[in-house]
Amino acid sequence: MTTPKNYSYAKTHEWVQFLDEETAISGITDFAQKALSDIVFINMPSEGDEVTCGEPYADIESVKAVADICSPVSGTILEINEKVEEEPSVINEDPYGSWIIKIGHISAKDDLMTAEEYDRFCEEEEQ
Amino acid sequence: MGTYVPNSTVEQKQMLEALGLQALEDLFDAIPDEVRVKGELRIPAGKSELEVRRQMEEMAERNTVFRTIFRGAGAYRHYIPALVKAVSSKETFVTAYTPYQPEISQGVLQSIFEYQTMICELTGMDASNASVYDGAVACAEAVAMCVDKKRATVYLSAAVHPDYLDVVKTYCYASNRELVVVPEKDGRTDIDFLRTALNSQSACFLTQQPNFFGLLEDTDEMSNVVKAAGAKFILCVNPVYAAIGKTPRECGADIAVGEGQPLGLKLGFGGPYLGFMACVQDMARKLPGRIVGQTLDTKGDRCFVLTLQAREQHIRREKASSSICSNQALCAMTAASYMSTMGPSGFREVAKQCLSKAHYAAKQISSVPGFSLQFSGEFFHEFVTACPSSAETILKKLEEKGILGGYLLEGKYEGCILWCCTELNTKSEIDRLTALLKGEA
Amino acid sequence: MKLVFERSIKGTACTLLPPNDVDAYALPEQYQRKLDLHFPELTEGELSRHYSELESNAFGVNRGFYPLGSCTMKYNPKINEECASLPGFAEIHPLQPAYTVQGCLEAMALAEKLLCEITGMDSLTFQPAAGAHGEFTGLQLIKKYHDSRGDSKRVELIVPDTSHGTNPASASMGAFKTVAIPSKADGLVDLDALKAVLGENTAGLMLTNPSTLGLFEKDIVEIAKTVHDAGGLLYYDGANLNPVMGIVRPGDTGFDIVHLNLHKTFSTPHGGGGPGSGPVGCKAFLSEFLPLPRIIEEQGSLRFCCDSENSIGRVKAFYGHFLVMIKALTYILTLGKEGIPYAAQNAVLNANYMMKSLEDLYTVAYPGRCMHEFVLSAESLKKRTGVSAMDVAKALMDHGMHPPTVYFPLNVHEALMVEPTETESKSTIDAAVQVYREIYDLAFSNPSLLHEAPVKAAIGRPDEVRAARNPILRHSFSS
């Protein structure tokens, strides 16, 4: 799967797409969904919750594993993706099309990678 | 010495040789000499089966088995059908481990699925787990299901079983959670206190139906008060009561818990018993411990597996909400076989007889001068009376006649007796008790 | 198999109770249950068959080899069951007056004494219901101990990365922060890594010894001293006591608290998941913190005592799994001082013999001497053939034996954790080894057969993803 060029990436395998200076949507990468395999459940946060750069805001379950999902930016959750909440398997099918949260009032960003940097990062992780 | 080691010394020698060793002791070279057991443990020498049996029998015989029991207070003697005993001693059920391998564990998994279904039926709830250690721990685990960052204060009625109260206190102390004990007034939870105490930081309120004193609480009103504050309502219920009494679901509870011992488990000096837990659909993923779910196998046939395992300690580790691993599987199977053997009509009959006999006994006992009902209002199969003289002496006299009388209360109601009747107490037993209390027998 | 509900025939029942012999009393309307109650309706014969069918679709120690690592699936002696069903134990109400339960109290006091001697502890409580419950209880002793000294900043519990999942989970229940330390290449605790995390916030170290890798921590005395010097306490997870009972006592190696799994080490059966029993023992300086009630002797008779201001409180109603304790006591009395170390020796012998018989094919994760269990890795097998640890496990079922623990410990990839126990014979182990070797060969010659295993079991592999995505947790009666 091609890593979208217009997204930015965190070392904890989340992607973020900036809609404008203060707003973004975020989800998990193809690498992350493959590592988890069949996703069965996401423990979703609530709208209005504050998120912090690099800190977990939700966790995601497969049958035999659980992982934190971290926020690549600091801000406030404007919206959660109900479609993903109801049918988390869409993340397996389309990780870059399945945003999990929309974040607003962004005040800080993590050290984020470009698509090429992230691809290289994943190659190193695999070894 | 008794031993269950099947290998003869010849075989042991062959195996040691394969390992290039001389003696069994050589297997332990990783253990530093200075900390090894020198000589032998200071415990008795091993014995034959017959000797051990005699020793255990002698201890057992130093206990009094009462033929007639009017004591409950958290442990209830009910009739256990012969089939239930046969099922619970089936060798493969007894000697199996947790059903980690579903292909060869369908019998155990299905029995748990059936148990979960019956607990849901009993409580009116949508989802049940496969059991926890006992009723008290079920209360503590239910509390943990309700607490989050925003709502962290726990409310507990003073009218629940004192051991349950203590266990919830221990768990709250452990997790640094604030616990408020809602006082009781005339044997029932003080709902006015609860109404004033609850606020936007309240996680949940837990009470018991019937409560420790056998009394029926006004659960509708409690539910209203708790819901108004946005907190969760946990109801600890006697499973036999739920056969005829309003289910926790009908009472507005979010979580139903209780002690499953009345469902075919022996008194056994307090254990092992069975903690059951069930809840409404949207809390199902917060249930602790094992849960069995239905699915399909590669051939498309129905089968059962341990499911939602990512909640549990072996996957979630420090992020798990509970560390429970072993549960009470065999007790759960026993309870399910009890509910199946009784069937809906038989189980309701048990409840009706408990209710009727307790009310007959209450009438008879309170007709004895000096014995009066301590509390007014509805009760199920337990009730409290005041006593004309030292309750201890009264109970001792009954014990001499082979009757285990009611439970002597402590604290606020010291000197009062909590009586219990089940379907096992006959009219003639109750009449004899009454006569003894009157000093006539 | 039909569900018990699907066997139900409306209107049938077992005849069990005599008619009510007193005036009937009815609950007032507002207390009455209105919901239906869908319990099955069956005659006794039908129900008996149902449970026989369930039993024939289960696997227990009575059926065959069950080398489930870390679970100590040894034979469950029948005399244990018989003693626990004596009316003088089984029919006793927990709230009977002390003078009518002297035998129960005596049994508890005797079992406490024997287990203290076996573990090197000074006091012990039977209240915890299972191993994880024992962990929770034992960790509360640590919390209370530090609190009682006004040292409440000690909130960090150290666990090795090979620990059972219950360890960190129990720590979190007690509001401790888990600090995981990596194991050394040889699988043992890394003393330097340990020293690096010790400090004024250290509450204690939780250790399973022998570890979940089946290895004895040979530096245990130094580990203990290091933790004690930093002001922490040592907690012994007794899940793996079996191979060292009577050989070395946790108390003598520096542990302050232990929990035992009576359902593993002391031969009480596991009942398809429980009940277990997880008594907690401690050194004298911690006794005052144990849960209440405690048994005391007064003028030649025993009674429960509830006075101890410093107790952590209750962790369970009444006194724990009394009848399970009776089974364990029966076992200890049977084996005695000679039988206990003899069982341990044979557990270690069986494990080493089986490991030796497999090491030329499967990768032994930590070669050398093991204790009660050993861990194989199917990682290279998987790389070469595509056959995973899970495939091997499923194939074993077709040979009438239970698979080992798979995918644990977490630091070994494609782990197969094998614990034969002392109650298996050489011939059973030889036969099992033969099967493990055949499966290994099959992985190269016909791996697809292994992906499809088991073929002789009641069901094929279940769809666990489906079960977790759309949970069906109860039978539905609406349709």
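Biologist: Which residue of S7(C) does His259(C) stand opposite?

Modeller: In this predicted model, His259(C) stands opposite Val280(C) in S7(C).

Biologist: In what order do the seven strands of the open sheet in chain C run?

Modeller: The order is S1-S7-S6-S5-S4-S2-S3, with mixed pairing.

Biologist: Why is one side of strand S1 and of strand S3 of chain C left without a neighbour in the sheet?

Modeller: Strand S1 (123-125) and strand S3 (177-181) of chain C each have a single partner strand, so they stand at the edges and one side of each has no neighbour in the sheet. On average, neighbouring strands of this sheet are turned by 25° against each other, direction ignored.

Biologist: How do you know that Ile257(C) touches Val280(C)?

Modeller: A contact requires C-beta atoms within 7 Å. Val280(C) is listed among the residues that Ile257(C) touches, not counting residues up to four places away in sequence, so their C-beta atoms, placed from the backbone, lie within 7 Å. Other residues touched by Ile257(C) include Gly138(C), Leu141(C), Tyr235(C), Cys282(C) and Leu286(C).

Biologist: Which residues touch the most other members of the largest nonpolar core?

Modeller: They are Cys139(B), Val143(B), Ile234(B) and Ile257(C), in a core of 342 residues.

Biologist: What classes of residue make up the side of chain C that touches chain A?

Modeller: Four residues of chain C are in contact with five residues of chain A. The side of chain C has two nonpolar, no polar and two charged residues.

Biologist: How many of the contacts in chain B join residues at least 24 apart?

Modeller: The share is 73%, among contacts between residues at least 6 apart in sequence. Chain B has 13 helices and 17 strands, and 62% of its 441 residues are buried.

Biologist: What confidence does the predictor assign to chain C?

Modeller: Its mean pLDDT is 96, and 100% of its residues reach 70 or more. The model as a whole scores ipTM 0.98 and pTM 0.97.

Methods. Residues numbered from 1 in each chain as written. Chains lettered and ligands numbered in written order. Predicted model: local features only at pLDDT ≥ 70, side-chain atom pairs only at ≥ 80, totals over all residues. Helix = DSSP H or I, 4+ residues; strand = E, 2+ residues; numbered from the N terminus. Buried ≥ 20, exposed ≤ 12 C-beta atoms within 10 Å, placed from the backbone. Contact = placed C-beta atoms within 7 Å. Nonpolar A, V, L, I, M, F, W, Y, C, P; charged D, E, K, R; others polar. Core = buried A, V, L, I, M, F, W, Y, C linked by C-beta atoms within 7 Å. Pairing = 2+ DSSP bridges. Axes fitted to C-alpha atoms, helices over the stretch in contact; angles between N-to-C directions. pLDDT = per-residue confidence, 0-100.
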